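I opened this entry to keep a record of what I looked up. The headings follow the order in which I went through the model.

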Amino acid sequence: MKTPSSLLGQPVSRVDGRAKVTGEARYAGEFNVPGLLYGQVVSSTIARGRIKKIDASEALRLPGVLQVFTHENRPRLAWFDRKYRDDDAPSGSPFRPLHDEKIVYSGQPVALVVAETFELARYAASLVRVEYASKAHETDLQVQRKEAYVPRQGKGGFEPPPKPWGHADKALEKAHARIDVEYETPVEHHNPMEPHASTVIYEDDGSLTIYDKTQGVLNTQTYVSNVFDLPKEQVRVRSPFVGGAFGSGLRPQYQLFLAVLAARELKRSVRVTLSREQMFTFGHRPATLQRVALGASADGTLEALIHEAVSETSRFEDYIEVVVNWAGMLYRCDNVRLDYKVASLDCYTPLDMRAPGAAVGVFALECAMDELAHRLGMDPVALRLKNYSERDQNKDKPYSSKELRACYQQGAERFGWARRSPAPRSMREGRQLVGWGMATGIWDAMQQAASARAVLSIDGRLTVSSATADIGTGTYTVMTQIAADTLGLPLQDVTFKLGDSSLPMSPIEGGSWTVASVGSAVKEACEKVREQVFKLARKVKGSPLAKASLEEVSFSDGKVRLSADPSQAVSIVEAMRHGEVLSIEEQVLATPGAKQQAYTRCTHSAVFAEVKVDEELGTVRVTRVVSAIAGGRILNPKTARSQILGAVVWGIGMALEEETALDQKLGRFMNHNLAEYHVPVNADVHGIDVLFVDEEDTIVNPLGAKGLGEIGIVGVAAAIANAVFHATGKRIRSLPVTLDKVL
């Protein structure tokens, strides 16, 4: 008798799919209770200054309007920085809604109208009159770059650039071929389908149940507990489903604070939902200005590498990203200088957005590598292979695994790269200029401490839980697979619970570390349950496992089997009933292994793109993309492929469409809606081919898996921009590549 193959590595459909397509899944703004009140935010119309006067009398005269909260009548709170900091807060002084009369950015919440219905709250908010005294503001990064400074350290996970090695400037001067250019990336906003919302259920004893749009229920719980001086036992946060976040839910946003404030003051349940326009009034991907200088010998050997970046932050926090470090990791070079600064603007603090730092930093680096290849008359793939780095030069560490060579080889073969005519404007179809471009991608493969609980009941059903999130990535499904595989149970007999602060500890869902972190905890908890089951199975009367060790058995079809003879088995239900055990429960805390510290752990990719450019109109279409990913062990190729598909689509948007336009005179984002903030639609997306190269990694985590949420977008914009150059002969160094720039 053959035992079934592992569930891991199988293309299992989403276990939460039916709930989502039938509407059974409920989101933060969809939980209702009797007597629920609705809050509507009033946003500032200036970028800097102070409030001279707020007149809410007209709104308050409306029947059904209960209160208008402002800085003048809000309850007294302790406004210490430490109370307002959250797990994702950068160094500085966090923003405090309704703190005082000061305005620090356009769109800042200045009032909250609370009414019996949503429609009434929205109308009443339009009646609130605010008089301002404006001050001169600065929201232009180009103007403010001269004031850029080296940021204070303190944001978790940020690593400052390494100290320079060699003599980069001298080597650049002497190099046979040189590239010294500047790239620019714009502000982008996350724009998930689900807007940010918080529904606060007020209980008679003053405790709160909060349904929040968040990527970390424990982060939300800690924030509310600290700010409102509540015991954590009185604050339960739930977020069973998240309609996309991409980093926008890492920090508690201001609608949460306002909803809790109103609920506690009115002693009623309150919901506050942000409008699409207001989704542009908190964090965003920051704009960057980047200089990349490369020097190489005639055979393409890199002799100098300089990457300098200036990025934006707010006046009150130092938001920092890893923008330039990737250059020292991807390519071998003896003379390297990496520099990173931030400039303060009168905007809200930027926020992590899918592959923060890498998405923009690698764009500049990989476009510069393409420019150098063209200058040398060298194939872009050959140039990268010539300077392939076997070690992370920043830390002088080996990689735990790195199959980037295989990504280049397999991706190029799938794409047909060998048929590329190297000269710009040399490939065409009728009036369409055809361009082929490529780029490298890199992202961290991280593991954080996480806890999970596994409970096996006497009917053979398993419930596993952790306070993590599923922002559409497939967490529900993959965790179910890990648990079912470990205990050899059918998928339908396993339930995974998440998104509840009463569940075991989990880090915020970000950084592509959820599978590595929570998955490792789920595996370990289920292994401990397995040990208990095996002990019971050995004691069953006449058990064929009586003399076996744990290493000599396997678990499949709800049974414990002898590996040497799978027909010899004891069912899990039988073992528990014989032992008179109603349930087996295990909870673990999984932490990164010590051996990881000796290695740099990363995912890698090679992206190949084809564009067709109308020679007369300048319009650009991305007609093909091949993305070759080295992501360790692929636990579910179906959900994994979906992650990469979505990231590539976003990369197309980053390359050709996405840009949040600032009116510098007003200091305000102007295209704050989905009509004018352009993202790819069906007509923009053509063939996307995803392939995963084999990569075994016994160091990165117990599962050997690497996160895939971010790696899929890194390098895509560069590959497309490089393809546009190949098609047209015109190098465009500022994103997005719009037709006016092409023309």
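**Sheets and strand pairing**

I took two strands as paired where DSSP finds at least two bridges between them. The model is a predicted one, and I read everything below with that in mind.

With that rule I looked up the open sheet. It has 5 strands in the order E19-E20-E28-E29-E32, and the pairing is mixed. Strand E19 (428–429) and strand E32 (687–692) are at the edges; each has a single partner strand, so one side of each has no neighbour in the sheet.

I then checked how E32 is held. Strand E29 (residues 620–630) is joined to E32 by 6 bridges, and the two run parallel. For a position to look at, I noted Ile629, which stands opposite Phe692 in E32.

Next I went to strand E22. Which strands does E22 pair with, and in which direction do they run? Strand E21 (residues 450–457) is joined to strand E22 (residues 462–465) by 4 bridges, and these two run antiparallel. Another 4 bridges join E22 to strand E23 (residues 494–497), here with the strands parallel. I used Thr463 to follow both pairings: Thr463 is the bridge partner of Val455, and Thr463 also stands opposite Thr495 in E23.

E21 and E22 form a hairpin, with 4 residues between them. In the turn, Gly460 has a positive phi of about 85 degrees.

**Backbone exceptions**

I looked up positive phi at residues other than glycine and wrote down two aspartates. Asp396 has a positive phi of about 55 degrees and is not a glycine. I found Asp396 in the loop between strand E17 (391–392) and strand E18 (397–398). Its relative accessible area is 53%, so Asp396 is exposed.

Asp557 also has a positive phi, of about 50 degrees, and is not a glycine. The loop that holds Asp557 runs between strand E24 (553–556) and strand E25 (559–562).

The bond from Leu735 to Pro736 is cis, with omega near -5 degrees. Pro736 is in the loop between helix H17 (716–728) and helix H18 (739–742).

**Salt bridges**

How many salt bridges does the structure hold? I have 38 salt bridges on record for the structure. I went through three of them.

The side chains of Glu308 and Arg337 meet in a salt bridge at 2.6 Å, N to O. Glu308 is in strand E14 (residues 302–313) and Arg337 in strand E16 (residues 336–344), so this pair ties together parts 29 residues apart in sequence. Glu308 and Arg337 also belong to a salt-bridge network, in which they are linked with Asp169, Asp180 and Arg291.

Asp614 forms a salt bridge with Arg431, and their closest N and O atoms are 3.0 Å apart. This pair links distant parts of the chain, 183 residues apart: Asp614 is in strand E28 (residues 602–614), and Arg431 is in the loop between E19 and strand E20 (432–444). E19, E20 and E28 are among the strands of the open sheet noted above. Asp614 counts as buried at 6% relative accessibility, whereas Arg431 is partly exposed at 44%.

The side chains of Glu695 and Lys706 meet in a salt bridge at 3.1 Å, N to O. Both residues are in the loop between E32 and H17, and the pair ties together parts 11 residues apart in sequence. Are these two buried or exposed? Glu695 counts as buried at 7% relative accessibility, and Lys706 counts as buried at 4%.

**Surface charge**

Last, I looked for charge on the surface. Arg48, Arg50, Lys102 and Lys135 gather there in a patch of positive charge. I followed up Lys135, which lies in the loop between strand E7 (129–134) and helix H5 (141–144).

Terms used:
Residues numbered from 1 in each chain as written. Predicted model: local features only at pLDDT ≥ 70, side-chain atom pairs only at ≥ 80, totals over all residues. Heavy atoms only, no water. Patch = residues over 30% accessible without salt bridge, like charges linked within 9 Å, V, L, I, M, F, W, Y side chains within 5 Å. Areas by Shrake-Rupley, 256 points an atom, 1.4 Å probe, with all protein chains shown as cover. Salt bridge = Lys/Arg side-chain N within 4 Å of Asp/Glu carboxyl O. Lys, Arg positive; Asp, Glu negative; His and termini not counted. Charge placed at Lys NZ, Arg CZ, Asp CG, Glu CD. Buried < 20%, exposed > 50% of the residue type's maximum accessible area, 1.4 Å probe, protein only.
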